[in-house]
Amino acid sequence: MGNMITVTVNGKEHSGGVEGRTLLVDYLREHLGLTGTHIGCDTSSCGACTIHMDGKAVKSCTVLAVQADGSEVTTVEGLANNGSLHPIQEGFKEEHGLQCGFCTPGMMMTATDLLKNNPNPTEDEIRHALEGNFCRCTGYHNIVKSIQYAAKKMQSPA
Amino acid sequence: MTNYIGKSVKRVEDKRFITGQGKYTDDIKLNGMMYGYFVRSPYAHAIVKSINIDRASKMPGVNKILVGADIPEAIAGVPCGWQVDFKNGDTMKEPPHPLLVRKKVRHVGDGVAFVVAETRAQAKDAADEVDVDYEILDAVTCPKKATEEGAAQVHEDAPGNLCFDWELGNPKDEVAAAMAAAAHVTELDFSNQRVVPNAIEPRSAIGHYDTAYDKYTLYTSTQNPHLIRLLMCAFVLGIPEHKVRVIGPDVGGGFGSKIFHYAEEALVTWASKELGCPIKWTADRSESFLTDAHGRDHVSNAKMGFDSEGKIVALQAYTYANLGAYLSTFAPAVPTYLHGTLMQGLYTTPKINVDVKAAFTHTCAVDAYRGAGRPEATYLLERLIDLAALEMDMDPAELRFKNFIPAFDGVEQEGYTTQVALQYDSGNYDPVLKRALEMVGYEEFRKEQAAQSNGKLLGIGFSTYIEACGIAPSAVVGALGARAGLFEVAQVRVQPTGKVSVFTGAHSHGQGHETTFAQIVADRMGIGIDDVEIIHGDSDSVAFGMGTYGSRSLAVGGSAIVNSIDKVLEKGAKIAAHLLEASADDLEYAEGKWTVKGTDKSVSFGDVSLTAYVPHNYPEGLEPGLDFNAFYDPANFTYPFGAHVAIVEVDKETGEVKLKRFIAVDDVGNVINPMIVDGQIHGGLAQGIGQAMHEGTVYDETGQLINGSYMDYCMPRADDLPSFEIDRTVTPCPHNPLGVKGAGEAGCIGSTPAVVNAVIDALWKGGFKVKDVPMPMTPERVWTAMNN
Ligand code: FES
Ligand code: FES
């Protein structure tokens, strides 16, 4: 475990040793026990592992843990704020944007990144942004609606 | 009075999933747990000459490397749960399916060795160092070629690679006579290509033997924990069932692929005792591609005959069904009783014959995938009828209206008896198609299509389908070869405080049972939905169960819950009567209390519950407690149906197909939670459309799965699909207490042929009289069809 890294995950700093080949997703799941981030493939295709690293959505199976040294990471576990759901979480619940829930964390992390850069996306823009996230359950129909829900909610401070 | 049934109640289970607290098998970590990794065959067909584990065994962290020879003879292979016999009465060929092969590998991905190490990475490293010497043999991958003279043989004891041949319906000569007299015959050769279920959660299993209790626990990504326990204990490991607990925790999608009992489950369970530690195995995606049972894979020829008015007079179907290298749990049922029996469709066809040859090939096993047999039947029928309409220059919707079975409710009018062994429960087919045409704006569309002149070809395709769901009446399936009953079990346990815990043998892996079932319980018992908890997925807490597949959870599992509630309320009435000093017959139950009819004397559900557990003032001779279970065995299948319409635009230059609209009107009987039902339809549609447009395995002639990864296998993505336009009609099921029919597979069953038909329509109207474009309809294939 030659490499010492320090990563801030969901606002909490973690330091520890990792193998050079350890993927960030494995670090999150196995070392930190944050199992909300999922693994759905071995080709960086499915997006189930999507997290935010320094404010940007990345596929955590495509990043080595050592590359995350010194970074700020947010995972699905860090989306809610003091127990109140993030609008994207609310959107997925209200619009039935999830069934088995396996793709959901990655979907939400991709979606929040989209909404940060494009607060009022069209349906086409949403579908395009989700290209790297597979869902086998929902046919994406309600995922699109969930993201639209969140977009609306985030624009109208209630 | 209903507060919940029929409403889009938001899902109870969502909270844990949206906050990252779902618990899937791979999320579970046990003390002292080791990790397993498989050495799998890189060849489709080869003799294993030797396996050398010396170097691998010395790798860091390695605890044990198991090969086929390490597994005791007493441990049997993976069993098959359904027996279909040859036409001549001979038993189907059922070759052994060992947990790890000893002498011969029969498909790429066949398990050769199992490496157990302290970490997954170490197990993987060591697996790379296991040295297997193979003698490569010829392979066969196509079910039709497999049955031809000279084809490579998969199993020594299955000559000609035939597992069984099978036939259903009217005698062939009667069908042939009707066909000969037909005014028009439409004939089509086609394949229904092999697809990979691809639940986004890869399969995973943890075996844990507890010496203190002499008991095994298997955590597994399954759709049916009890069924796995039954198969694994009785047929593979020979361990008594009470010594095994199977837990199916949160499961990330199944679509059929997680019904079956897999070798990995038995292996980790058995090895956890041998090695003295819990063992986890989780598939890589590429491993999932090679080992999760696949779906479809039929090669067919079919003919449909019509009289001069357009009435269907005969149907003859010949199909070669690919079973893969080994028989998976329900494999024999899929191309037979879940396929041939659906050939009546929604039509009055008087003569039908279905002939199926099921073949072994050097490929991954094929078994039930969302729809299982019924999509293949629907594809065959709906392709033929749309093509016939083009050939006869008739309107495809009109042609269907002409042939629909007249409405019947199954109560006043009897169920409809088909030529292929089923009796439909209730049906009213005109309205679904009428509604779909209305949503399409059919007349307008045809005008627009005729006027199209921009190098794009517009097309519309129809599919009006029926499915047999709510699987299944045990006696019926038993007579057809099932080796298990297909009832469902529920237990309704009223707690002393009046809160209700419901244990169901159904298993939710996305279907939302924790919500839908709670809606039923809350309404029937007149209590709040928050007072109800639904428990599933653990063989130690749920009495028994057959699990979730075949759109059965609500129709069968939900009915079991209703029957348990009836028992609870019947006993509750006795306690209430005692408390009210009245006769139980004089009480009525509504809104959570028993009232003496015509008075305001009442006692609440909560008080009765408490009395049942604190029986101080209690009816004489009545047992304390308020806790009942019910086993519900349905009287018949249920028969949902619907009309699906696809509108596509084909680029004349490139052959690219754009799916512009998709309209689905489904009738799934009564609906408990419309939001959830809509979601089930959406997901099914995406999978059915995916098969038509994107998905399909490619095996080369040596048996390599060329596209066994998400880089190469085209999964439907968000920007491949339109927003769906869906609606419903409601024809209740007459034979279950909820009147429900099941919605899990409808979308996937109806949609595929609609999309292909739309492309054929576009080409035909554009002057290309093309009968078929093989699925998936890539631009290249469409272009080739136009330009040949
Ligand atoms: S697990 Fe990272 S993209 Fe699939
Ligand atoms: S909800 Fe199951 S994969 Fe998306």
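In this predicted model, the contact between the two chains draws 52 residues from chain B and 44 residues from chain A. Together, chain B and chain A bury about 4,100 Å² between them, and carbon and sulfur atoms give 54% of that area. Three residues stand out on the chain B side: B:Ile18, B:Ile200 and B:Ala718 supply 17% of the area that chain B buries against chain A, more than any other three residues.

Five salt bridges are counted between chain B and chain A. A salt bridge to look for in the structure joins the side chains of A:Arg29 and B:Asp26, with a distance of 2.8 Å from N to O. The count of residue pairs in polar contact between chain B and chain A, both at pLDDT 80 or more, is 28. On chain B, four helices each supply at least two residues of the side that touches chain A: helix H1 (14-18), helix H3 (120-129), helix H8 (285-291) and helix H17 (674-693). The largest share of that side, eight residues, comes from H17(B). Sorted by class, the residues of chain B that touch chain A comprise 23 nonpolar, 16 polar and 13 charged.

With the meeting of the chains described, each chain can be taken in turn. Chain B contains 19 helices and 28 strands. The radius of gyration of chain B is 27 Å, close to the 28 Å that the globule rule gives for 788 residues, so chain B is as compact as a globular protein of that length. Along its principal axes, the C-alpha trace of chain B spans about 85 × 75 × 50 Å.

The domain assignment of chain B gives domain 1 (31-137), domain 2 (295-472 + 636-787) and domain 3 (474-632). How far apart do the C-alpha centres of domain 2 of chain B and domain 3 of chain B lie? The separation of these centres is 38 Å. Where these two domains meet, 24 residues of domain 2 of chain B are in contact with 26 residues of domain 3 of chain B. The two domains bury about 1,800 Å² between them, with 65% of it on carbon and sulfur atoms. Here B:Ile471, B:Ile672 and B:Leu738 supply 29% of the area that domain 2 of chain B buries against domain 3 of chain B, more than any other three residues.

The interface of domain 2 of chain B and domain 3 of chain B has zero salt bridges. Ten residue pairs in polar contact, both at pLDDT 80 or more, are found across this interface. On the side of domain 2 of chain B that touches domain 3 of chain B, there are twelve nonpolar, eight polar and four charged residues.

Read from the N terminus on, the elements of chain A run β-β-α-β-β-β-α-α-α-α. The radius of gyration of chain A is 15 Å, close to the 15 Å that the globule rule gives for 158 residues, so chain A is as compact as a globular protein of that length. The C-alpha atoms of chain A fill a box of roughly 45 × 35 × 25 Å, taken along the principal axes.

Chain A is divided into domain 1 (3-78) and domain 2 (87-155). The centres of these domains of chain A, taken over C-alpha atoms, are separated by 21 Å. Their contact takes 18 residues from domain 1 of chain A and 14 residues from domain 2 of chain A. About 1,200 Å² is buried between domain 1 of chain A and domain 2 of chain A, and carbon and sulfur atoms give 59% of this area.

How many salt bridges are counted between domain 1 of chain A and domain 2 of chain A? The count is zero. Nine residue pairs in polar contact, both at pLDDT 80 or more, are found across this interface. Strand S3 (50-53) and strand S4 (56-59) of chain A each supply at least two residues of the side of domain 1 of chain A that touches domain 2 of chain A. By class, this side of domain 1 of chain A has six nonpolar, ten polar and two charged residues.

Technical notes
Residues numbered from 1 in each chain as written. Chains lettered and ligands numbered in written order. Predicted model: local features only at pLDDT ≥ 70, side-chain atom pairs only at ≥ 80, totals over all residues. Heavy atoms only, no water. Contact = heavy atoms within 4.5 Å. Buried area = accessible area lost by both parts, 1.4 Å probe. Salt bridge = Lys/Arg side-chain N within 4 Å of Asp/Glu carboxyl O. Polar contact = N/O pair within 3.5 Å; in protein donor to acceptor, adjacent residues only side chain to side chain. Nonpolar A, V, L, I, M, F, W, Y, C, P; charged D, E, K, R; others polar. Domains from an automatic or database assignment. Rg over C-alpha atoms; globule rule 2.2 N^0.38 Å.
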